[in-house]
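Q: I'd like to learn how to read a structure feature by feature. Could you walk me through one?

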Amino acid sequence: MSHSIERQILKGSPPGTQRELVLHRFGPAEADARAYIQASLHADEVPAMLVAQHLLELLKAADAQAAIKGRITVVPYANPLGLSQFVNGVHLGRYNLPGGGNYNRLWPDLYDLIRDELRGRLGPDANTNKQLIRQAMKQAVTTLQVHSELEHLKQLLAREACDADLVLDLHCDDDALMHLYLTPEHWPAGTDLAADLECRAVLLASDSGGGSFDEAFSTPWPRLADAFPEHPIPRDACFSATVELRGQADVDDTLAAEDARALYRELQRRGLVAGLPSPAKALQCEATALEACELAKSPASGILSYRKNLGERVAKGDVIADLVDPSHYGDTASRQEIRASTDGVLLTRRLHKYVRAGDNLAKIVGTEPLPERTGLLLED
Ligand SMILES: [Zn+2]
């Protein structure tokens, strides 16, 4: 049995308080193949924590049969800070309330941190270069300046992910269908995972502009390969994905057990767990550019009433929702139609139906890049 549990106490907690991160380790510590899976970095995205519980059960069963071949680390709650953020009884886990912003933004730029020190050290062998780069990444993360609980949390999580071949960051959207965020280097390699999860969208971006957790570990590789073209560097050395496990209200043991089995089969496909997985299900979507995914925003404050359901195909100009202004009644200002700006599939909606001007109302997965989708491609 290889399963062990490690507990890390966060530094920088206020007097009288203490936060703990729990890491479950499976498989040989020095195995070449490594996977890192964490749940609910956005602490209010609860489906991820339930999926992690089911995945731990599967891994414990595999471990009992000596079937774990690679090193697998699972963090079943990645954000103990966010788990305690209740305001007037409402759990708010997306932003660090003391002032650190969105938990899934501004992760360290490992490319920037290690590029200069790699000069003159890379050689002609891709695998040797990969190991050298991973060591440099680990060292860079270890030497990050850490003052606050949030900085320590980020350091601990990044240290686990930076030398993994497979990084799965488990999230969910507001009210949504299953989808994945990937970098283009990992498509079509992610096809089986997307099929197994029954994804309804796979959104590709080489840099979504937000410094998200998944991109912190995948994007340095193609950037380093471009910076050092005279040395072989695998562009796809870290398959890192954000898995959006539907919406916040989709917390259900049956769904979570199925999702965990899909993640488990990916670990099998990659040789981290023994046993040939059953064939992947049929893929339900094509991968599309994140620039082609419309983020529909509210033009004003008001009450949302959707006319389209999740998964419905819409055409440009179709009314997807009405926005009702409760300060008017019986005049043209009382109701506005919200129209799609692209042809596509309605992937997400808003769970809570009272919105402010500028709030995101929906994501519509189109195929044609939209001119306004530049810079930060993610919602805040
Ligand atoms: Zn999230």
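This is a predicted model: local features need pLDDT of at least 70, side-chain atom pairs count only at pLDDT 80 or more; totals for chains, interfaces and linings use all residues.

**A guided reading**

Q: On to the metal. Which protein atoms are the donors of the zinc ion?
A: They are ND1 of His42, two OE atoms of Glu45, and ND1 of His171, lying 2.0 to 2.5 Å from the zinc ion. Along the chain, the donors follow the spacing H-x2-E-x125-H. Histidine 42 belongs to the loop between β3 and α1 and histidine 171 to strand β9 (residues 166-173), so this pair ties together parts 129 residues apart in sequence.

Q: How do I judge the geometry, and what are the angles among the four donor atoms of the zinc ion?
A: Start from the ideal: four tetrahedral donors would have angles of 109.5 degrees. Here the angles run from 56 to 143 degrees, and the site is irregular. To count as tetrahedral, all angles must lie between 85 and 135 degrees.

Q: Is histidine 42 buried or exposed?
A: Compare its relative accessible area with the cut-off: buried means under 20%. Histidine 42 comes in at 2%, so it counts as buried. Histidine 171 is buried too, with a value of 1%.

Q: Next, backbone angles. What is phi of serine 40 near?
A: Phi of serine 40 is near 60 degrees, a positive value in a residue other than glycine. Serine 40 is in the loop between β3 (34-39) and α1 (47-64), and it is buried at 2% relative accessible area. Leucine 106 also has phi near 60 degrees. That leucine sits in the loop between β8 and α3 (110-118), and with a relative accessible area of 71% it is exposed.

Q: How many residues of helix α5 are buried?
A: Eleven of its 13 residues are buried, so the helix is mostly covered. For length, α5 (residues 149-161) reaches 19 Å from first C-alpha to last, close to the 18 Å expected.

Q: How many salt bridges are there?
A: The general idea is that side chains of opposite charge can pair when their charged atoms come close. The count here comes to 32. In one of them, aspartate 163 pairs with lysine 138, with the closest N and O atoms 3.2 Å apart. Aspartate 163 is in the loop between α5 and β9 and lysine 138 is in helix α4 (residues 126-142), so the pair ties together parts 25 residues apart in sequence. Aspartate 163 counts as buried at 14%, while lysine 138 is partly exposed at 29%.

Q: Which residues are linked in a network of salt bridges?
A: Asp192, Asp196, Arg265, Glu266, Arg269 and Arg270 are.

Q: Last one: which residues form a nonpolar patch on the surface?
A: Val87, Val90, Leu92 and Leu97 do, with about 310 Å² of accessible area together. Leucine 97 is in the loop between β7 (95-96) and β8 (101-102), and it is partly exposed at 46%.

Definitions and conventions
Residues are numbered from 1 along each chain as its sequence is written. Side-chain values use heavy atoms; hydrogens and water are left out. Helices (H or I, at least four residues) and strands (E, at least two) are DSSP runs, numbered from the N terminus. The expected span of a helix is 1.5 Å times one less than its number of residues. Buried means under 20% relative accessible area, exposed over 50%, partly exposed in between (1.4 Å probe, protein chains only). Patches are made of residues with over 30% relative accessible area and no salt bridge: like charges are joined within 9 Å, nonpolar side chains (Val, Leu, Ile, Met, Phe, Trp, Tyr) within 5 Å. Accessible areas come from the Shrake-Rupley method with a 1.4 Å probe; for residues, only the protein chains shown count as cover. A salt bridge is a side-chain nitrogen of Lys or Arg within 4 Å of a carboxyl oxygen of Asp or Glu. Donors are N, O and S atoms within 2.8 Å of the metal (3.2 Å for Na, K and Ca); water is not among the atoms, so sites may look incomplete. Four donors count as tetrahedral if all angles lie between 85 and 135 degrees; four count as square planar and six as octahedral if opposite donors are over 155 degrees apart and all others between 65 and 115; anything else is irregular.
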